[in-house]
Amino acid sequence: MSNPVKETAEIFSVQKVGAYYQFTVVAPGIAAGFAPGHFVAVAVGGENTSMILRRAFALLGATPSGQFAGTIQFVVAEHGAGTRWITQRRAGDTLDIVGPLGTPFPLPSAPSPAVLVGGGYGTAPLLPLAAGLIEAGSAVEFLLGAATSSRLYGELAAKRLAGSVTVTTDDGSAGEKGLVTEALPAAIERIGAEVVYACGPMGMLRAVGDISRAHAIRAQVAVEESMACGIGVCMTCVLPVRGDDGRSRFVRSCVDGPVFDADRVRWADVGTLPPDLLGADAMGLH
Ligand SMILES: Cc1cc2nc3c(=O)[nH]c(=O)nc-3n(C[C@H](O)[C@H](O)[C@H](O)COP(=O)(O)OP(=O)(O)OC[C@H]3O[C@@H](n4cnc5c(N)ncnc54)[C@H](O)[C@@H]3O)c2cc1C
Ligand code: FES
């Protein structure tokens, strides 16, 4: 985890993009520490709110220098009361933001062909990742999926970066009809992928992990587990993950993640208390 800072950040612009709201916010301290895969935690509801928990958003990008220096960008989908409050903010309003949080995507040590799989707004953190991979000499292919066309995000930006973009929607309203993971085996073979990166719903990430394993390549996936503190103290966001020693532990997705090697995550046990976990006896499971 990098050193997060808390900033009272002025909103520079809010753009409606399909079903989403794209925020550009002046937060130089957060922008300075940004790497693809980091997220921010935004306070919601104003001063007298009962919504005490911050809401997490993956960073779409940051501009530490040059034009719009000191800005960060993130994309918000309306979900419940907290995200509704955020989407009602306008340019000139301020947001109370902590970041950058989490552990970013690991980059290959040498140029490696990569497939990037984004589900809905999950494409957002993959765009700066693609820019970094391409700059380092890796070939990149994008697969973007969503339930319906208005829930797709980042198609144009992905095309500008990588050229090769496959779009799928569950209802066939844009691109190929079907799940984005159905297009993954062919993309891996087409580009000779050595790594897959993904961000999106848990079911999609699990399928990305399965398909990558079947092709004997690694998948680095950014999970979206419910979070409370976002800084590693409350254990709300834990996932069962296998360590280097073969033993499984609950790890905090806010500080040890949100990016994990998909093969290490015990997807079938997410949301349960598996009895073979290290420390499970102390939890009274034996
Ligand atoms: C690392 C990370 C990155 C994320 N990136 C984005 C993003 O780029 N864009 C975006 O629109 N959303 C993102 N989310 C999901 C977003 O944080 C939730 O949609 C939001 O917290 C819901 O708040 P709410 O008040 O609108 O909904 P409510 O359901 O009222 O939220 C109540 C509480 O439940 C938790 N919660 C509810 N839904 C989710 C969820 N899907 N994921 C995590 N926690 C949840 C929140 O912690 C919140 O405190 C991300 C979540 C995580 C953990
Ligand atoms: S959200 Fe509190 S430990 Fe991760």
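Author: Buried means under 20% relative accessible area, exposed means over 50%, and partly exposed lies in between, with a 1.4 Å probe and protein chains only. Helices (H or I, at least four residues) and strands (E, at least two) are DSSP runs, numbered from the N terminus. This is a predicted model, in which local features need pLDDT of at least 70 and side-chain atom pairs count only at pLDDT 80 or more, while totals for chains, interfaces and linings use all residues. Residues are numbered from 1 along each chain as its sequence is written, chains are lettered from A and ligands numbered from 1 in the order in which they are written, and side-chain values use heavy atoms, with hydrogens and water left out.

Reader: Are the residues of strand S3 buried or exposed?

Author: Strand S3 covers residues 39-42. Phe-39 and Ala-41 point one way from this strand, and Val-40 and Val-42 point the other way. On both sides, these residues are buried.

Reader: Which residue in S6 is the bridge partner of Ala-41?

Author: Two strands pair if DSSP finds at least two bridges between them. S3 is joined by 4 bridges to the antiparallel strand S4 (residues 55-63), where Phe-39 stands opposite Ala-58. S3 also runs antiparallel to strand S6 (residues 94-101), with 3 bridges between them. In S6, the partner of Ala-41 is Val-98.

Reader: In what order do the 7 strands of the open sheet stand?

Author: The pairing in this open sheet is mixed, and 7 strands form it, in the order S10-S9-S8-S7-S11-S12-S15. Strand S10 (176-177) and strand S15 (259-261) each have a single partner strand, so each has one side without a neighbour in the sheet. S7 and S11 run parallel and are joined by 5 bridges, and Val-115 has Val-196 in S11 as its bridge partner. Read across the sheet, the order is S10-S9-S8-S7-S11-S12-S15.

Reader: Within what arc do the buried residues of H5 fall?

Author: The buried residues of helix H5 (residues 184-191) are Leu-184, Ala-187, Ile-188 and Ile-191. They line one face of the helix because, seen down the axis and taken from the directions of the C-beta atoms, they fall within an arc of 100°.

Reader: What is omega for the peptide bond from Gly-257 to Pro-258?

Author: Most residues other than glycine have a negative phi, and most peptide bonds are trans. Gly-99 and Pro-100 are joined by a cis peptide bond with omega about -10°, and Pro-100 is found in strand S6. Pro-258 lies in the loop between strand S14 (248-252) and S15. The bond from Gly-257 to Pro-258 is also cis, with omega near 10°.

Reader: What is the relative accessible area of Ala-216?

Author: Ala-216 is not a glycine, yet its phi is positive, about 55°. This residue is found in the loop between H6 and strand S12 (218-222). Ala-216 is exposed, and its relative accessible area is 70%.

Reader: With which residues is Asp-171 in contact, leaving aside its neighbours within four places in sequence?

Author: Asp-171 is found in the loop between S9 and S10. The residue is partly exposed, with a relative accessible area of 41%. With those neighbours left aside, its contacts are Ala-147, Thr-148 and Lys-177.

Terms used
Contact = heavy atoms within 4.5 Å.
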